[in-house]
Amino acid sequence: MPLRRLAFALLVLFAFLTPFIAPAYIAAGLLLAVWIASIAREQRLPESLRSPFCFVLLVLALLTILSAVFSRDPGASARHLPGLSLFLLVPIAMDLSDTVARARTIFIALAASGTALALYGIWQFLHGGNDLQSRIRGTLSHYMTFSG
């Protein structure tokens, strides 16, 4: 099970990196590759892929693809479709968080990441980010992304 352990470590890394978009995408890509290799080696179809929640995500992804195909500018719309691959993080997290301890680890990683990001935002606010001309941005490129 070393591949499964590596996949879980990458999931924890992804949870820590969520405030940093580019490194988080790299971790997510590695996670996807390792997870697929682990389920191929084990020759199993994860139960998480058969969940109703993942079915809803699949329908949403298919409708999004259809909307891109029939948009006014399909080329421009198609450039955003690779982002749908992040939906795969849901069944991956469901599959790899198979014990309470693992689920707690993911929760703590997300909480630590969110807390660090919030503290950084407070620091930015206290150091001149308290007016409309210089809003806080956190680690992101745009203040509206951080405020959301």
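**Close-up A. Helices H3 and H5 pack across each other.** The axes of helix H3 (residues 52-69) and helix H5 (residues 89-96) come within 10 Å and cross at roughly 165°; axes here are lines fitted to C-alpha atoms over the stretch in contact, with angles running from 0 to 180 degrees between N-to-C directions. That makes H3 and H5 roughly antiparallel (over 145 degrees; under 35 is roughly parallel, 65 to 115 roughly perpendicular, the rest oblique). Their crossing is left-handed, with the near helix turned anticlockwise from the far one by less than a right angle. On the H3 side, Phe53, Cys54 and Leu57 make the contact, and H5 brings Val90, Pro91 and Met94 (contact: heavy atoms within 4.5 Å). Helices are DSSP runs (H or I) of at least four residues, numbered from the N terminus.

This is a predicted model, where local features need pLDDT of at least 70, side-chain atom pairs count only at pLDDT 80 or more, and totals for chains, interfaces and linings use all residues. Residues are numbered from 1 along each chain as its sequence is written, and side-chain values use heavy atoms, leaving out hydrogens and water.

**Close-up B. Tyr120 and Trp123 form a stacked pair.** The structure holds 1 aromatic pair. Its ring centres sit 6.1 Å apart with the planes at 10°, so Tyr120 and Trp123 count as stacked (centres within 6.5 Å, using the six-membered ring of Trp; planes under 30 degrees apart are stacked, over 60 edge-to-face, the rest tilted). Both belong to helix H6 (residues 100-126), 3 residues or about one helical turn apart. Tyr120 is partly exposed at 35% relative accessibility, and Trp123 is also partly exposed, at 47% (buried is under 20%, exposed over 50%, partly exposed in between; 1.4 Å probe, protein chains only).

**Close-up C. Arg102 lies over the face of Phe8.** Arg102 is 4.3 Å from the ring centre of Phe8; a charge sits over a ring if CZ of Arg or NZ of Lys is within 6 Å of the centre and within 35 degrees of the ring normal.

Conventions
Helix = DSSP H or I, 4+ residues; strand = E, 2+ residues; numbered from the N terminus.
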